[in-house]
Amino acid sequence: MEKARRNMTEFWKEHSKGATVEEMMLDSRAKELTQQELPEILSMLPCLAGYKVLELGAGIGRYTRHLLTVADHVTAVDFMESFVERNRQDNGHHSNVTFMQADVTKLEVPPNSIDFIFSNWLLMYVSDEELKSLMEKMLGWLRPGGFLFFRESCNHRSGDSKRDFNPTCYRTDAQYSHLVSSIEEGPEGGQKFGFDIVLKKNVKTYIEMKNNPNQMCWLLEKVPRSSNTQNGFSTFQQFLDNQQYTSRGILRYEKMFGAGYVSTGGFNTTKEFVDLLNLKPGQKVLDVGCGIGGGDFYMAKTFGVQVHGLDLSDNMVNIAMERAISEKLPSVQFEVADATKRTFPEGSFDVIYSRDTILHIDDKLSLFKRFHSWLKPGGQLLISDYCCGEKPWSPVFEAYVKQRGYILYTPSQYGKFLEEAGFCNVRAEDRTAQFIQVIETELQRAETIKKEFTEEFSEEDYFAIVNGWKEKLGRSNSGDQRWGLFHATKD
């Protein structure tokens, strides 16, 4: 470890003499990349007004100069003296910035003293052991509710320089995400804290300019860990990725619903519902709960719209990103994100679209208010979602809802939430009859592909899905489970 650190130090001493952006990024197109990348990265950050910011690996200050214009104070740290001095020369005239030369693995910061930590191309230069320790430290430095943003090159180097130093560890994005979910901090017997992923996405600039989808960003929030966990998992995202939406589970759903789809009716219901929107070329669509992206590719190809898909399941988005590479559709972007915490500027989208996703979210009214803000005037909202009948429910349905962690309302209650959030022209339709018909059709199709399905997966997988559909039919026919379609506009 010490030898690797010495080699890295010598490399950067040699290649930081001019303290230029090309040296720091190890890329001949550094200025051009920065011009497009910098606003993209900044758009992912939370509002920093009044925040105390710790910038790790600040380099020559590409981001420092922007962070200090919005934050209360920025402490910019880098381990190369030439980079620190260049940052000081360019940004030292501001009164709300402190410059520090330090090795971040040895940095000491008072606990709960920082609102936001920003790190760009740093963690790939520390070992696995150092990374885990640093993540634990950063969690401790942040106040509850504080944020950590980091961006890394996953799988391979970022620059084009043949002199590019070989970092200690090029990790996959899955390795970073797994580590993030395992970090906890707190006194024995007291309140424990951990990180929730607010977003994980790749840098569009690098996809467009360098055909490189491996520049990944994470925005994390320090949150209390509840003792009332979801089926033994620390976070809801862990529950989704390890229980309901394992990679194998997703692919077997796709086999039943059709290529690109993991929800009721597959392509047919997607086409029916999307056609209600009268999409126009160039419009921007936000898909909340995008799954593996079938509907997003359909909208982009058929109507020429730009689609931003987000899903809380890492497994879903990883598959969607793989499909996006083969589809060669730069107008479709995906990210792992929590819609209840993600922020977008007001009036960002023409359409917000969501299929069978919001059943997982407790405070639907707050979410719908966010949707209303994100839409442009005249923008449309289209949602299909699991709903319920009037209570009391049967014990079987009660158990099902609890096991899945669903929060369900009747279609009419759902519609009232949309009206209360400020939407107009709200149409709240009970589509349970259609839901029943679609499931019956899917059961018939399942029978025709049984041999093919069981050869690809297993008989156990086959009956897990088929029996699940039969149980849905029973719940829907009894009146407990309903399916709603909701269309509304922003005045």
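This is a predicted model: local features need pLDDT of at least 70, side-chain atom pairs count only at pLDDT 80 or more; totals for chains, interfaces and linings use all residues.
**Exercise 1.** Find which strands pair with strand 4, and in which sense.

*Solution.* Start with strand 1 (residues 52–56): four bridges join it to strand 4, and the two run parallel. Next, go to strand 5 (residues 142–153), which pairs with strand 4 in the parallel sense over six bridges. Here Asn120 stands opposite Arg151 of strand 5. Now trace the chain: strand 4, helix 6 (residues 128–141) and strand 5 make a right-handed β-α-β unit. Finally, check the cover: seven of the seven residues of strand 4 (residues 114–120) are buried.

**Exercise 2.** Work out what the salt bridge between Glu37 and Arg151 ties together.

*Solution.* First, the contact: the two side chains meet at 2.4 Å, N to O. Then place the partners: Glu37 belongs to helix 3 (residues 30–42) and Arg151 to strand 5, so the pair ties together parts 114 residues apart in sequence. Both Glu37 and Arg151 are buried.

**Exercise 3.** Decide whether Lys451 and Glu455 are buried or exposed.

*Solution.* Begin with their setting: both lie in helix 18 (residues 450–456), four residues apart, about one turn of the helix. The cut-off for exposed is over 50% relative accessible area. Lys451 has 61% relative accessibility, so Lys451 counts as exposed. Glu455, at 58%, therefore counts as exposed too.

Notes:
Residues are numbered from 1 along each chain as its sequence is written. Side-chain values use heavy atoms; hydrogens and water are left out. Buried means under 20% relative accessible area, exposed over 50%, partly exposed in between (1.4 Å probe, protein chains only). Two strands pair if DSSP finds at least two bridges between them. A crossover is right-handed if, with the strands pointing away from the viewer, the path from the first strand over the helix to the second runs clockwise. A salt bridge is a side-chain nitrogen of Lys or Arg within 4 Å of a carboxyl oxygen of Asp or Glu.
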